[in-house]
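Let's take a walk through this model, one piece at a time. Have the sequence and the 3D view open side by side as you read.

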Amino acid sequence: MTISVRKVAVLAVLGAALAGCGGGSGASGAALGPARTGAPAAAPSGPAASPSPSAASASPSKAPTIAPGPGGLTPVFERSRQTTDKTVALTFDADMTSDQGPRAAGGEHFDNPQLISTLRQLKVPATVFMTGRWAEEYPDQAKAIGTDPNFEIANHSYSHHAFKSPCYGLPALDGAAARADVDRAFEAFRKAGAVNTVPYFRFPGGCYDDQALRVLATAKVTAVQWDVVSGDAFAKDPDAVAEQVLAGVKPGSVVVMHCTRSAAPVTEEAVRKIVPELRKRGYRFVKVSDLIGK
């Protein structure tokens, strides 16, 4: 099916959506720092590429990382530098804040099992940026995703609180708490039984600055942003989401979407439109680790 691509404006509601769903852009907005990229670490098993001790228990050593930036700052990856290979990484933020347990107990769905099922049916590899709180709420799903070779789980913090303020109204963590939040998320993945975890981190709300990159440095992870915003947060029109993605994808793109039914109810339907069209255009779907490894 061919989908005509029209210019889709990012709705004002997206800004509010970002507070719970991390959909900002690492290259725009006063709340965000400049993007930084580096060369992939020459030897993923060497010291520069080794994850932190807490991450190492859950992260395969073969997952490539990027060498630290100036002053040892955590490196930031947004898009592959390889612009001729028509590959694209679909990434999905599995968001849940540390204080949303009562909402889940009341019946709100922060998961999206149908989306994961559709990705499997379509044979689309993907990277899921998961919060530790999400893994605690849905341990069976976290384990199922984290033991499926088509998927990899990356760290989206434990609490989904901000590492820089202001950040779309998210509560902010100080340096020590922010660093501990990363370890706590990796531990939640381990307890859930997820093994396909990688030493990548996505800032809640996409908000970071040099201080946040310094705080994260000892975790020895690569921060992963994106170059294509899907606009799926709180969207009601899957066609609009699909067309926004199709309009933005370039070789080596990283697309940010969400794996949360309550906050992104049309993502699964949009994916069913995006995947066949991009394949028709000659694109191949890969995980973030495949892009970073190029």
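Start at V198, which sits in strand β5 (residues 197-201); strands here are DSSP runs of E with at least two residues, helices are runs of H or I with at least four, and both are numbered from the N terminus. V198 counts as buried at 3% relative accessibility, where buried means under 20% relative accessible area, exposed means over 50%, and partly exposed is in between (1.4 Å probe, protein chains only). Its C-alpha atom is separated by 9.9 Å from that of F129, a residue 69 places away along the chain.

Before going further, a word on what you're looking at. This is a predicted model, in which local features need pLDDT of at least 70 and side-chain atom pairs count only at pLDDT 80 or more, while totals for chains, interfaces and linings use all residues. Residues are numbered from 1 along each chain as its sequence is written, and side-chain values use heavy atoms, with hydrogens and water left out.

How confident is the predictor? The score is pLDDT, its confidence in each residue, from 0 to 100. The chain's mean pLDDT is 84, with 79% of its residues at 70 or more. Over residues 1-20, though, pLDDT stays under 50, and the model has 40 contacts for them beyond four places in sequence, a contact being heavy atoms within 4.5 Å. Residues 22-61 also have pLDDT below 50, with 104 contacts in the model beyond near neighbours in sequence. Where pLDDT is low, the predicted coordinates should not be read in detail.

Now turn to strand β8 (residues 253-258). Because 6 of its 6 residues are buried, β8 is largely enclosed by the rest of the structure. Both faces are covered: S253, V255 and M257 are buried on one side, and V254, V256 and H258 on the other.

Which strands pair with β8? Pairing takes at least two DSSP bridges between two strands. Strand β2 (residues 87-94) runs parallel to β8 and is joined to it by 6 bridges, and L90 has V255 as its bridge partner there. To get from β7 to β8, the chain passes through helix α9 (residues 238-248) in a right-handed β-α-β crossover; right-handed means that, with the strands pointing away from the viewer, the path from the first strand over the helix to the second runs clockwise.

Next, the charged pairs. A salt bridge here is a side-chain nitrogen of Lys or Arg within 4 Å of a carboxyl oxygen of Asp or Glu, and the count comes to 12. One of them joins K250 and D227, with the closest N and O atoms 3.6 Å apart. K250 is in the loop between α9 and β8, and D227 is in the loop between β6 (222-224) and β7, so the pair ties together parts 23 residues apart in sequence. K250 is partly exposed at 35% relative accessibility, and D227 is partly exposed at 26%.

D239 is partly exposed at 33%, whereas K273 counts as buried at 16%.

Key:
pLDDT = per-residue confidence, 0-100.
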